[in-house]
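Please find below a colleague's note on the fold shown here. The points are numbered so that each may be taken up separately.

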Amino acid sequence: MPLALPAALLGLALSVAPAEATESVRPLECARAQRVELHAGPAGRPPEVCVSPGRPTHFFFDTPLQEGGVRLEERERFADMAVGGQSVAVYPSKRVVSGKPLTLTACFADGAAPACATFLLVPQPEQATSEVTVVRPPPPEVDLQRELARQRALVEQLQAQLARTQVECQGPTGLTGLLAPALIQDGESLEGADIEKEVTYKRTGDLKLHNAAAYRARSRVAVAVSLRNSGALAWEPREVTLRASTGAPLQVLSVWPRQPLLPGASALVVVEATAPEEALPLGPYTLTFGPEDEPSLVLEQVRFP
């Protein structure tokens, strides 16, 4: 025969259970600014964002949004919603004070994973998150392919430089080094010209140009510039390019010296490049040190003798 629970104990159990359940629910912590990082893996619970009547909440995305790809659950509970190219702003009304959290979904225009981002808008009486920054990192395979291509290009560049260095080290140097590989033949000479007054130069640091000269042999050209570093940081001749006025580049063989030019020091920097077998256009050429979109030094109107 089953035992009957006394009425007093039954009442006590019913009165205690809801209190324990209520205490187990943790209140949502609301921050003024929130950062959300999305991932391409399986979607978990959407991130919670505090919203409050009369307090706008702005979502800023690092990826353009799909046109018509923003959905707000129970839109009528909000006073307004504004959608931009990479942003969404929601303006809650008093109708969102109580009730279940509402979802905001924004889909991206590029079609990459994750295709959409969903947020739980949790009503709070007096607290709201004003700014939510949403970051969607590129897929890992995209980063891997980009890094792999960069490393391959670097390896090919180093291999070509090593091959040239090995060939040059095996051969003679000095004037013999010019005669032996037929860079200068009978009746020819190494022609040079002072181009300091002709060239124009642009700089982003504290480099000062003291002298510039151009040289031409049978299949080689060179530009020698005397520089002084009057700044507080060292300067290094990196990513050097030599382009004709048509935009066609000459192959840069060497840049000497490779050591950084220390603050307060001066040095002669020589850039050597190959010249085509056919007649070399005298110029003008543009000599660029550093990335062509953000160079540290650019010499224009370079002409070879």
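The points below pass from conventions and overall composition to strand pairing, cores and individual residues.

1. Basis of the note. This is a predicted model, in which local features need pLDDT of at least 70 and side-chain atom pairs count only at pLDDT 80 or more, while totals for chains, interfaces and linings use all residues. Residues are numbered from 1 along each chain as its sequence is written, and side-chain values use heavy atoms, with hydrogens and water left out.

2. Overall composition. The protein contains 3 helices and 19 strands; these are DSSP runs, numbered from the N terminus, with helices taken as H or I of at least four residues and strands as E of at least two. Of the 305 residues, 29% are buried. Here buried means under 20% relative accessible area, exposed over 50%, and partly exposed in between, for a 1.4 Å probe and protein chains only.

3. Contact range. Among contacts with a separation of 6 or more, 61% are between residues 24 or more positions apart. A contact means heavy atoms within 4.5 Å.

4. The open sheet. Four strands form an open sheet with mixed pairing, in the order β2-β8-β7-β4; two strands pair if DSSP finds at least two bridges between them. The edge strands, β2 (48–51) and β4 (65–72), each pair on one side only. Neighbouring strands of this sheet are turned by 25° against each other on average, direction ignored; axes are lines fitted to C-alpha atoms, for helices over the stretch in contact, and angles run from 0 to 180 degrees between N-to-C directions. Within the sheet, β7 (residues 102–108) and β8 (residues 116–123) are antiparallel and share 6 bridges, with C107 opposite C116.

5. Pairing around β6. Strand β6 (residues 87–92) is joined to β5 (residues 78–83) by 5 antiparallel bridges, and V83 has V88 as its bridge partner. These two strands form a hairpin with 3 residues between them. Strand β6 also pairs with β3 (residues 57–61), again in the antiparallel sense, over 4 bridges; F60 stands opposite S87.

6. Pairing around β14. Strand β14 (residues 241–244) pairs with β18 (residues 285–289) in the antiparallel sense over 4 bridges, T241 being partnered by T288. Two bridges link β14 to the antiparallel strand β15 (residues 249–250), where P249 stands opposite R243. The hairpin of β14 and β15 has 4 residues between the strands, and G247 in this hairpin takes a positive phi near 95°.

7. Nonpolar cores. The largest nonpolar core has 28 residues, and those with the most contacts inside it include V225, L242, L287 and F304. A nonpolar core is a set of buried Ala, Val, Leu, Ile, Met, Phe, Trp, Tyr and Cys residues joined through side-chain atoms within 4.5 Å. Elements that give two or more residues to this core include β12 (207–216), β13 (220–229) and β19 (297–302). A second, separate core of 22 residues includes V49, F61, L72 and V134.

8. Asn229 and its surroundings. N229 is found in strand β13 and is buried at 2% relative accessibility. Its C-alpha atom is separated by 5.3 Å from that of G264, 35 residues apart along the chain. A polar atom of the N229 side chain lies 3.0 Å from the backbone oxygen of L261. N229 also touches W235, among others.

9. Ser296. This residue lies in the loop between β18 and β19 and is buried, with a relative accessible area of 17%. A polar contact of 2.9 Å joins the side chains of S296 and W235; such a contact is a pair of N or O atoms within 3.5 Å, where within protein one must be able to donate a hydrogen and the other to accept it, and residues adjacent in sequence count only if both atoms are side-chain atoms.

10. Backbone geometry to check. Where are the cis peptide bonds placed? One runs from A113 to P114, with omega near -5°, and P114 lies in the loop between β7 and β8. Another joins W256 and P257, with omega about -10°, and P257 is in the loop between β16 and β17. Positive phi in a residue other than glycine occurs at E74, near 50°, and at Q301, near 60°. E74 lies in the loop between β4 and β5, whereas Q301 is in strand β19. E74 is partly exposed at 26% relative accessibility, and Q301 is partly exposed at 35%.

Key
Lists of a residue's contacts leave out its neighbours within four places in sequence.
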